[in-house]
Amino acid sequence: MKKSNFKYLIPVLITILFLVFFSQLLSRDVTKLSSQLIERPVPDFSMPSLFDENNILSSIDITSSEVALVNIWASWCVPCRSEHEILMLLSKTKGLDLYGINYKDNKKNAIEFIKELGNPFKKIGTDNNGRSSMVWGVYGVPETFIIHKGTVIYKHIGPIHMNELKETVLPILDKLL
Amino acid sequence: MIGYIGNILITICLLASLIQSSRLIQDRLVIDQKLFTSISFFSILISFLLLVYLFINSNFNYEIVVSNSHSEKPLIYKIAGAWGNHEGSLLLWILVLTIFNFTFGFSKIKFVNFKDKVMAFQSLIIFGFTLFLLFTSNPFLKTEITVSEGLGLNPVLQDLLLAIHPPILYVGYVGYSLVLSFAIGGMITNKVDNEWAAWLHPWALVAWIFLTLGIGLGSFWAYYELGWGGYWFWDPVENASLMPWLAGTALFHCVLILEKKNILQSWTILLSILTFSFSLIGTFLVRSGILNSVHTFASDPARGSFILIFLAIILVISFGIYAQKGPLLDSKDELKLVSKESSILGNNWLLLSILFVVFLGTLYPLGTDLFLQKSISVGPNYYILTLLPITILLLILMIIGPNTKWKNDKVSNIIFSINKLFILSLAIIFGFSIYFSELELTQITLLTLSLTLVFVSIKNGLRVNNNYSIIKPALGKSLAHVGFGLLILSVVANGTFAREKIFQAKVNDTLQIDNYTFKFDSVEQTKGVNFNAITATFHLMNDQTVMDTFTPEIRVYSNPPTVTSETSIIRKLLTDIYVVMNVPENSNFVNVRIHVKPMISFIWLSVILMAIGGLSAIIFRFKKIR
């Protein structure tokens with residue numbers, strides 16, 4: 001009798017296993033995820049430019065900048081909206097080039113977004129289906145990478161707010177510039 | 001003032017449901033479940049209407065209105081704004097929970113003790129979500145500073161389809177809460193038998209219909225608004241809605257067997273628990289901020305922890321009771337290998353295998369990230385390759401199953417009843433392959449089987465009784481199965497025949513893609529309100545006659561300097577065609593890209609067929625009972 005009852009306990013055990021897994025997921029800090037890209041060269045990619053279909057944004061653009069900041073964003077992403085003014089501020093920094101990758105977005109909305117909030121980027125690439133930005137290991141939007149002479153130095157997941165800007169992003173940029 | 005009333009009403013619901021749920025552990029104090037359920041239902045209904053009223057009035061004293069509305073937004077989107085955010089959608093979620101409890105309270109089930117326990121457990125679920133609403137996501141928070149204008153709604157979300165997509169999906173998700181309550185009530189009162197299954201049947205179907213429609217609508221929206229011809233992206237949030245659908249589909253087939261044959265009791269209970277658990281897991285993944293996508297609301301770790309604790313409580317109670325009662329549930333009837341019940345059970349396992357594949361694909365990247373600090377992406381290829389063999393088996397069982405007799409049947413009977421239709425389908429697909437375009441073996445297999453399923457299901461639906469009138473209860477099932485066959489057929493056909501080609505063209509050139517011939521007629525400069533445009537005209541030709549005209553544009557805006565390409569799209573019953581162009585500098589030709597996307601509208605049609613199938617099954621069922 002006891003033996004046959006054991007199988008009815010299996011779901012409970014599996015459940016506990018998954019609950020532990022889920023709670024682990026919750027407790028991790030998504031903004032500090034490590035990236036395979038850190039200390040590695042910029043991944044190879046190319047995608048059409050948002051404003052000019054004949055032009056492209058590719059790894060060559062990014063490696064040609066001394067210090068580059070790549071921001072992955074979308075018009076549907078609410079945090080991107082709040083982050084945008086920080087990017088506008090950063091775009092005034094001398095010696096720093098900002099590049100945007102517009103992720104899984106509708107072109108019209110993306111252009112409206114930029115028209116409304118301003119364009120901090122030197123160039124914007126579009127990736128409608130998210131395939132070309134796969135090499136960046138895109139986890140969610142927004143995501144920001146800092147690149148020095150073609151090598152990825154830092155990755156930030158989630159929006160950059162004033163305190164993240166002051167505490168982490170600016171110190172890194174100060175060292176490089 | 002309004003917010004004050006709203007909060008009081010929510011608190012009333014909280015207390016009422018707490019009192020109701022006490023019936024799970026005490027038998028001394030009898031509670032009028034109907035009365036208390038009505039109290040919770042109406043208090044939540046009124047507070048929801050109050051929230052909608054705040055949005056209609058653009059009352060910017062409330063944070064939720066400021067962040068999600070704008071005074072100049074069209075009325076319909078102001079209303080939809082009420083549930084286009086985390087707090088409001090949670091209130092709607094609770095409203096649907098109470099609607100189910102309220103309606104169930106008025107159902108004609110005679111077994112009082114069972115009804116009492118079901119409503120008590122449903123109230124426990126309502127209590128949990130109401131607590132969640134009040135403490136982590138209160139929709140009636142006032143703003144600290146005075147604001148005169150709202151921030152507006154995400155422009156992508158200003159869409160009529162999207163206004164109705166969440167409510168429909170929620171009815172599906174939440175409907176399975178009542179199914180779980182049925183399971184708990186049934187176990188406590190030792191009433192898991194064919195009568196129990198008969199009571200559960202319509203509720204399980206209602207939830208399934210709404211979930212089917214909700215997923216279909218989401219996919220429809222993605223196709224028209226976001227994509228370039230994509231309708232399903234295997235996005236974690238899409239998967240989160242697919243998982244309860246798969247479990248729920250397996251569930252109501254089991255309910256069917258239980259109702260007819262009084263077997264598989266514990267398995268049905270297990271599926272009931274699983275289905276609502278997947279609804280909750282979906283909610284957890286979407287609202288905790290673990291996943292980031294078009295669906296996520298601004299995230300807050302407290303919310304994630306709360307849902308997780310709630311999920312844990314629900315699961316521990318459910319599986320705890322299951323571990324205790326499970327061994328006693330099953331009857332001793334045996335299952336014969338060749339019978340309708342075993343083919344349904346086989347399909348059950350296949351559906352759960354698909355569920356497992358999707359579950360793994362959704363969580364695996366999170367797992368590697370957590371334990372190995374490695375980010376990986378799981379793309380469509382994983383799903384397509386893994387699901388291919390399972391889908392083939394599923395189709396075969398769906399063809400055989402409905403033509404197999406209950407209890408015991410002979411293999412020869414089954415083969416005899418379907419072989420003509422199978423040969424017919426095979427001939428059609430082979431003919432197509434020879435005359436139109438060559439197909440691969442997997443494509444031939446999938447297309448033939450799904451076409452056979454469509455034919456067989458149509459034939460089953462048209463079966464007549466001795467009076468030569470159609471057997472109505474079988475009609476719903478057949479419609480739903482035709483829908484599923486058509487779904488696989490159109491998905492495979494779309495994947496196989498979608499074409500995309502890029503041309504460098506000059507005026508008067510002829511462009512050929514598959515059997516479509518386009519003539520490049522002209523290019524002209526045009527002027528819009530705030531832009532200059534280059535408009536090209538392409539005619540889709542059939543011999544010398546013009547069938548359709550496409551006019552893709554390139555627009556040049558001056559402030560700020562922006563260039564956009566406007567796609568010209570024509571949607572037809574069988575095929576959607578997209579034409580896009582751009583003009584390279586200093587060149588005398590234009591680049592034209594043409595997409596041909598066949599069978600898209602059949603995907604939507606098949607989803608609608610499945611839902612209508614479910615609906616007619618319920619309607620004819622009620623007629624039969626009367």
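Trainee: Which residues have the most contacts inside the largest nonpolar core?

Mentor: Keep in mind that this is a predicted model. Its largest nonpolar core has 153 residues. The ones with the most contacts inside that core are Ile94(B), Val179(B) and Ala204(B).

Trainee: And which helix gives the most to this core?

Mentor: Look in chain B, at residues 194-226. That helix puts 15 residues into the core, and its name is α8.

Trainee: What does Val179(B) touch, leaving out residues up to four places away in sequence?

Mentor: Val179(B) is one of the residues with the most contacts inside the core. Leaving out residues up to four places away, its partners are Leu200(B), Trp203(B), Ala204(B), Ala207(B), Ser272(B), Thr275(B) and Phe276(B).

Trainee: How many residues does the other core have, the one lying apart?

Mentor: Among its members are Leu57(A), Ile101(A), Ile114(A) and Trp136(A). The count for that core is 33 residues.

Trainee: Let's do helix pairs. Are α2(B) and α5(B) roughly parallel or antiparallel?

Mentor: Helix α2 covers residues 33-56 of chain B and helix α5 covers residues 86-105. Their axes come within 9 Å and cross at roughly 150°. Angles over 145 degrees count as roughly antiparallel. So the answer for α2(B) and α5(B) is roughly antiparallel.

Trainee: What kinds of residues make that contact between α2(B) and α5(B)?

Mentor: On the α2(B) side, the contact includes Phe41(B), Ile44(B), Leu45(B) and Phe48(B). From α5(B) come, among others, Leu91(B), Ile94(B), Leu95(B) and Phe102(B). Ile94(B) also turned up among the residues with the most contacts in the largest core. Sorted by type, the contact has 11 nonpolar, 9 polar and 1 charged.

Trainee: How many charged residues are in the contact of α9(B) with α10(B)?

Mentor: The axes of α9(B) and α10(B), the latter being residues 265-287, come within 9 Å and cross at roughly 165°. That makes the two helices roughly antiparallel, and α9(B) passes α10(B) in a left-handed crossing. The contact has 17 nonpolar and 8 polar residues, and the charged tally is none.

Trainee: Where is Trp234(B) found, and is Trp234(B) buried or partly exposed?

Mentor: Phi of Trp234(B) is near 55°, a positive value in a residue other than glycine. Trp234(B) belongs to the loop between α8 and α9 of chain B. A buried residue needs 20 or more other C-beta atoms within 10 Å.

Trainee: Over to chain A. Which residues is Ile86(A) in contact with, leaving aside neighbours within four places in sequence?

Mentor: Ile86(A) lies in helix α4, residues 78-90 of chain A. The C-alpha atoms of Ile86(A) and His161(A) are separated by 7.0 Å, though the two residues are 75 apart along the chain. Setting aside the sequence neighbours, the contacts are Ile160(A), His161(A) and Leu165(A).

Trainee: Last one: what percentage of chain B is buried?

Mentor: Chain B has 17 helices and 10 strands. Of the contacts between residues at least 6 apart in sequence, 72% join residues at least 24 apart. Out of the 626 residues in chain B, the buried share is 44%.

How values were computed
Residues numbered from 1 in each chain as written. Chains lettered and ligands numbered in written order. Predicted model: local features only at pLDDT ≥ 70, side-chain atom pairs only at ≥ 80, totals over all residues. Axes fitted to C-alpha atoms, helices over the stretch in contact; angles between N-to-C directions. Helix = DSSP H or I, 4+ residues; strand = E, 2+ residues; numbered from the N terminus. Parallel < 35°, antiparallel > 145°, perpendicular 65-115°, else oblique. Contact = placed C-beta atoms within 7 Å. Nonpolar A, V, L, I, M, F, W, Y, C, P; charged D, E, K, R; others polar. Core = buried A, V, L, I, M, F, W, Y, C linked by C-beta atoms within 7 Å. Buried ≥ 20, exposed ≤ 12 C-beta atoms within 10 Å, placed from the backbone. Left-handed = near helix turned anticlockwise from the far one by under 90°.
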